[in-house]
Amino acid sequence: MKFLFSDMVYIFENINTVTNDLLKKFDSLYTEERKIKSGKYCREDDKKKSLIAYILLLYALKKEYGIFEKLYFDYGKNSKPFLKKHKNIYFSISHSGKYVSVAADINNIGVDVEGYIDDYETISRYVFSEDEMKYIENGNSGAKAAKLWTLKESYLKYTGTGIADGLKAYDFAYKPDVFEKYGCKFKCIQKEKYYLSVCSENDMTIKFVKEEDLIKLVR
């Protein structure tokens, strides 16, 4: 197993191109647990995201740690998932719209992706501080709201406290795309009308993954 000085974040950037035929190619890699979980979703799009997230995590673990096996999960405090057989490796998963993202490291890590939030006013009283609202309302509001949301979510996933700890308690107004706060390192990227944020103890490298990359797992 190799250890990294830079955390790896993998992004699959077009869930809309995923077909049932593609998903069937990975049948030998899914656990029954994953099949049951994905089967509980009503929307076909959500089923695809659940399965691709699992495959993307498997891809990341193979690339970074040489781990290639069916993945089984357990859940800790606040339902934070961890790998049953590799408890020394932390991971985080997020998906929104056409994007699915996975981050993995030997230390805590959190990742979140979200589309522009144009109706931010409906959630502002629960999510954004006074300074953050001033920042949002100074133009390009939907993009800024998405950036702040993903920063907060990535931090709460990193700490394992989850949304119950309160999104409004953490202020990221006027922050650049790479910075340090709350004893952590943060990195944001904007692509089309989406923001992705990562929170970690280390520097982060972000890679985009295509269908052909994932298919190599079963060749």
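**Charged pairs and cysteines**

Analyst: Let's start with D177, which counts as partly exposed because its relative accessibility is 34%. Please keep in mind that this is a predicted model. The side chain of D177 meets that of K147 in a salt bridge, with 3.0 Å from N to O. K147 sits in helix α6, while D177 belongs to the loop between α6 and β7 (178-181), and the two are 30 residues apart, so this pair links distant parts of the chain.

Side chains of opposite charge can pair when their charged atoms come close.

Helix α6 (residues 141-159) also holds K152. K152 forms a salt bridge with E132, and their closest N and O atoms are 2.9 Å apart. E132 is found in helix α5 (residues 130-136), 20 residues away from K152, and this pair too links distant parts of the chain. Both K152 and E132 are buried.

Now let's turn to the strands. D203 and K185 meet through their side chains in a salt bridge of 3.1 Å, N to O. Since D203 lies in strand β10 (residues 203-209) and K185 in strand β8 (residues 184-191), their pairing ties together parts that are 18 residues apart in sequence. Both partners count as partly exposed: D203 has a relative accessibility of 46%, and K185 has a relative accessible area of 23%.

Salt bridges can also share partners, and here they join R43, D45, D46 and K49 into one network. How many salt bridges does a search of the whole structure find? The search finds 11.

Finally, the cysteines. The count of disulfides comes to 0. C188 is in no disulfide, and the nearest cysteine sulfur, that of C199, is 10 Å away. C188 counts as buried, at 4% relative accessibility. What about C199? For C199, the nearest cysteine sulfur belongs to C184 and is 3.8 Å away. A disulfide needs the two sulfur atoms within 2.5 Å, so C199 is in no disulfide either. C199 counts as buried as well, at 0% relative accessibility.

Technical notes:
Residues numbered from 1 in each chain as written. Predicted model: local features only at pLDDT ≥ 70, side-chain atom pairs only at ≥ 80, totals over all residues. Heavy atoms only, no water. Salt bridge = Lys/Arg side-chain N within 4 Å of Asp/Glu carboxyl O. Helix = DSSP H or I, 4+ residues; strand = E, 2+ residues; numbered from the N terminus. Buried < 20%, exposed > 50% of the residue type's maximum accessible area, 1.4 Å probe, protein only.
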